[in-house]
Amino acid sequence: MKDSGQIQPGRVGIWTFAYEGQPAGRVRESAAEIEELGYGAIWFGEAFGRDTVGQAWLLLSATCRIVVASGIANIAFRDPIATATATRTLGEAFPGRYVLGLGGHRVDDTVHELDGYPVPARGRAVTTMRAYLQAMDAVPAHGPIADPAPRRVLAALGPKMLQLAAEHTWGAHPYFVSTKHTEQARQIMGPNAFLAVEQAVVLDTDLSRARQVATAHVAGYLSAPHQEANVRRLGFNDEDIVGGPSRRLVDAIVAHGKVEVFRRRVQEHLDAGADHVCLQVLTTDTTSLPEHEWRELAAALLPHSTA
């Protein structure tokens with residue numbers, strides 16, 4: 001897991017979708033502050049705004065030391081050739097700091113070939129991801145080679161994808177999971193694979209209001225079949241899912257309340273086998289950066305924070 005020349009992400013990082021809606025200048029300022037606060041990594045989603053390559057370049061160029069990780073780059077959005085060449089460029093320009101997180105799936109109903117990459121039928125996520133990784137590895141290099149090579153992780157939830165992550169990448173980046181999943185993931189992947197867990201948090205001492213925000217977050221993700229399947233594997237059932245998420249499920253996925261709650265949840269993930277926990281701050285205002293919350297979390301969780 002400790003790779004020569006690679007920058008390590010530390011135990012705590014930030015995960016966010018918030019940069020997608022912000023001007024480039026604001027993203028640069030915010031990323032620089034997160035680095036100065038002492039976080040080890042910035043993880044960013046890809047869904048509504050900038051593509052993952054452009055966003056990674058923006059964040060890496062605005063910082064000096066911090067790890068920048070896609071969380072995740074959707075393989076349905078680009079050919080493996082484009083992903084491989086872009087990743088090599090980022091790795092060359094910012095040695096040891098870029099982590100490529102891969103996830104998502106192709107949605108074709110029929111099997112066909114795309115530039116030599118076999119696109120399996122819908123539902124064969126592990127087969128698709130394995131083929132994507134193999135296609136990336138097969139892309140010849142016609143320019144400088146990044147040294148060290150950029151690391152890759154998979155957005156793995158189920159046992160087979162976790163095994164693939166352990167065998168063919170640096171490790172896994174599970175999203176929307178409980179500490180129980182972290183324990184299971186470590187058991188499946190073994191002691192050496194890297195495990196970076198996303199943890200949603202709501203910083204609000206009004207527990208009723210905090211739980212409202214947390215409940216809306218969980219309800220939104222339960223509409224995705226793979227997320228519902230995963231929480232069922234974790235022991236939740238119709239009573240927790242149908243008609244809206246139960247309090248038991250919400251509390252397992254989202255930590256909310258005072259900073260002591262977040263400190264305890266991070267430690268529970270680390271004790272369960274996580275190497276790194278990236279915190280996603282949830283708020284009622286999705287148009288702004290949760291900078292106050294990032295500072296408050298840094299002061300509470302990071303021993304050498306400048307907050």
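Me: What counts as two strands pairing here?
Reply: Two strands pair if DSSP finds at least two bridges between them. Helices (H or I, at least four residues) and strands (E, at least two) are DSSP runs, numbered from the N terminus. This is a predicted model, in which local features need pLDDT of at least 70, side-chain atom pairs count only at pLDDT 80 or more, and totals for chains, interfaces and linings use all residues. Residues are numbered from 1 along each chain as its sequence is written, and side-chain values use heavy atoms, with hydrogens and water left out.

Me: ok, which way does β1 pair with β12, parallel or antiparallel?
Reply: Parallel: β1 (residues 12-16) and β12 are joined over four bridges, and I14 has L279 as its bridge partner in β12.

Me: And β10, how many bridges to β12?
Reply: Six, with β10 (residues 194-203) also running parallel to β12. A196 stands opposite H276 there.

Me: Switching topic. What lines the second largest pocket?
Reply: 23 residues, with F17, Q280, V281, L282 and T286 nearest its centre. A lining residue has an atom within 4 Å of a pocket point.

Me: Which helix gives the most to that lining?
Reply: α7, with five residues.

Conventions
1 Å grid on protein atoms, 1.4 Å probe; cavity = no way out; pocket = protein on both sides within 12 Å on 5 of 7 lines; lining within 4 Å.
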